[in-house]
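Hello,

Here is the structure I promised to pass on.

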Amino acid sequence: MTTLQPARSLSRAKVSSSHEPSRAELLEYYLIHHEDLARCTYASLEWLARYAGTKRSMCLVADHDAGVLMGVAGHGVPSEAVDLFTWPLSDERDPLVAALAAPAPVVIQPGRVDGQVGKATPATPLGAGPFTAIPLRGVNAAEQNAVGLLLLRPGAASSGDISWLATVLGQKIDQIRGRGSLAEEVRQLRRERALLFTIVNSVTDPILLTDTEGRLILANARAEKLFAATEEESEGRRRAVELNNMLFSAALSRTAVEGQSEARELLLVDPSEGSDLLFEVLSSTVEDPREGTGIVSVLRNITDLRRATEQIEENYQRLRMLEATARAERDRLNLIIDSVADPIIVTDPVGETVLMNAPAEDLFTVPGDAPDTAERNVQSNDAHFSSFISGLLLGETGPGEIRRGEIGLANPMSSEPIPVEAIAGKVQSESGELTAVVTILHDRREALERAHLYEQLKLGSEELQARVQAATAELATQNELLRRQAIELEQASRLKSQFLANMSHEFRTPLNAILGYTHMLLQGVAGDVLPAVKRQLQRIDSNGRHLLTIINEILDITRIEAGKMPIQVTDFDANEIVPEVMAELEAVISRSKLTVTPTLAPDPPFVRGDRQKVKQIVVNLLSNALKFTHQGGVDICVSAEPGTQMVSISVSDTGIGIAPEHHERIFEDFRQVDDSPSRQYGGTGLGLAISRRLATAMGGRITLHSNLGQGSIFTLAIPMEAPQ
Amino acid sequence: MTAEQAPLILVVDDYEDAREMYAEYLRFCGFRVAEARNGNEALEHAFALNPSLILMDLSLPGMDGWEATRQLKADDRTRHIPVVALTGHALAGASEGAKKAGCDSFVTKPCLPDDLVVEVRRMLNLSETEPPLKTDH
């Protein structure tokens, strides 16, 4: 069984950590105590590596029975390569075979060998390049052929140590061979080794044997991939191997410290792919009396297992979540269904109730302590509902359609009838199979009540509308009537004005002749008249003039109403008006036997207004004063009032006076204080109405201070400067 | 003072009572008087008699007073003759229309013969006491 081709790192660690006894003693120890050829040669190569610095070496032993050179030990080369190395002895010209007979070490150039002998020589496990072959001589040094060869690299190395070792080792091999059939032993050994290797290497799990210090003793092919790398291999791979060694050592030391032999997990790196590999490490301690205590570790790759486990775990979690979601959905659905005020019933395809919400339970279940009527009502409700559902189930509706219907139910407790609208829909599976029927019952009482109210409202509304229409039509008629009346009124008013204007003209023409001829008679145009005739003629004249005044007043009011009263504004002295008015009314004044006292303003008070109209107003006021005063006198006073920019002409009398309640009335058309047919005073009653309107038209006004039996003061105020 | 010296007044009015009344009183006051019943007659007499003044009633049958006045004032022979309009229409615009037609003065009926004579004298620039022909009664 070959030994021990430790990984470079472990090998180095071994060198550095060992103390150094006398090299001769050590070699002697190996050679004396090892009776086994393989151990012997291996120990020698180790010694050489340590003390002579050989990096790669190999020991071959000649088996003359088989006619071959066999590899028995190696250092720095793969152990199986050593084990499997055989070389035929038949060709004496072969450099290796020739080296056996050489008296001293021979340097062999593999390439040159080929070139010289023309024979294919497979490279030794030492690799390409020259190496040194040292013949190992037996006890009888004179014997022609050596017992074996020591192959060393680099080729040139040669020292006293090496030749000394070659001598000692040669004699030892010869001694061991002398004790028995070397060939047999070696062959047996080789078979066992080969078998063991095959077995161990065929195990897909990495297997390692370490000593108690953690030093690697044996590793199978799979383990070497993880833990061994030669210098030729890539940097990345070597680093990965180094990392793996550290991780493995740490894991082992933990096992040693904690004294546990159970499985632990170890995460390593795949040196060739760089991916993570998860291993389960099973370590067990083996006791060997010769080799001492070792630790066998089997690494089981559980990367896939772990992945699968994680997958399963993940799936499980997902399942749990889905389940939770489904539960939440269901809870929520239940909540929703229960919170719907309308009864909801879910029935299966044969009509059995599967689920109902609380409002539905009120209709279709009987409380424990309910009276018999409740039982009957529930049965009746059931029957009505079942007949509705069976109608749906009998296929009266197509898939996806909704069936609506009205059902007369009753409140189980109060027996109050509850008309409901049932809305049912089929629930179908993906394959189209009927799985359930969901029915919602909607209480129609409110809707019916609403419909009833709506009907009443509609009736009321229609009635109202009819009334409004009738009223509107009536209004339109009235409006039309009013419009016509307004037109007629306007026409009538116009006609009246026109008529009055015409009449005025028609009155004037004969009156003109009456007054004219009377005047001429009084003038004596036709000769002298008797005093009695003259008096009578004066009565005709007086009455004719009165008639003319009346006609003029009617014409004035007509003109004012028609807005056709011309106002001719001039500036004039208000003082001038008074004597003119008194002259005009002289006949009346003298007849009345009253004293008329004029008081004029000290400075001529100029006013802007229609002189003729102002005079007309004052004449009216004075004639009124004379008419309603029986004794005493009348004062006419003109005064300027700079504060208000007005000039006032006031007429005061000591007459009958006017009660305050009649102060407005006397300014109205055709009005006197006494309107009766048997009134005492004549006149049209238009005088003051016309005066006030004329005053207003000129921007002035007429005011009255009077009381019954205390006389009256009428004051005309006109602006000093009339508005434009 | 001869009749030729007294001013001739042409009184135009279709209403006979009024026309004759004014004519009589004017004669009574010493004027010479001619009479016309409508516009056409007024124009004929005006051209033929060359009166000192024309008293023109405005509302006349046929050619009315406004038109007659316009024609009189449009003619060189009669333009200088003052025309005093007489009307029973007291509505606004009557006097304006008369002025526009060319009337020199405007008198509203009823007008006492005495007042009319005052206006005639004023238009002829005669004093009240200067009668064209004073007759004492």
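Axes here are lines fitted to C-alpha atoms, for helices over the stretch in contact, and angles run from 0 to 180 degrees between N-to-C directions. Helices are DSSP runs (H or I, at least four residues), numbered from the N terminus.

This is a predicted model, in which local features need pLDDT of at least 70, side-chain atom pairs count only at pLDDT 80 or more, and totals for chains, interfaces and linings use all residues. Residues are numbered from 1 along each chain as its sequence is written, while chains are lettered from A and ligands numbered from 1 in the order in which they are written.

Let me start with the pair between the chains. Helix 14 (residues 445-523) of chain A packs against helix 1 (residues 16-28) of chain B, with axes 10 Å apart and an angle of about 25 degrees. These two helices are therefore roughly parallel (angles under 35 degrees). From helix 14 of chain A, Asn512(A), Ala513(A), Gly516(A), Tyr517(A) and Met520(A) meet Asp17(B), Ala18(B), Met21(B) and Tyr25(B) of helix 1 of chain B; contact requires C-beta atoms, placed from the backbone, within 7 Å.

The other pair lies in chain B. The axes of helix 2 (residues 39-49) and helix 3 (residues 65-74) of chain B come within 9 Å and cross at roughly 25 degrees. Here the contact involves Gly39(B), Ala42(B), Leu43(B) and Ala46(B) of helix 2 of chain B, and Gly65(B), Glu67(B), Ala68(B), Gln71(B) and Leu72(B) of helix 3 of chain B. Helix 2 of chain B is thus roughly parallel to helix 3 of chain B.

Best wishes

Notes. Parallel < 35°, antiparallel > 145°, perpendicular 65-115°, else oblique. Contact = placed C-beta atoms within 7 Å.
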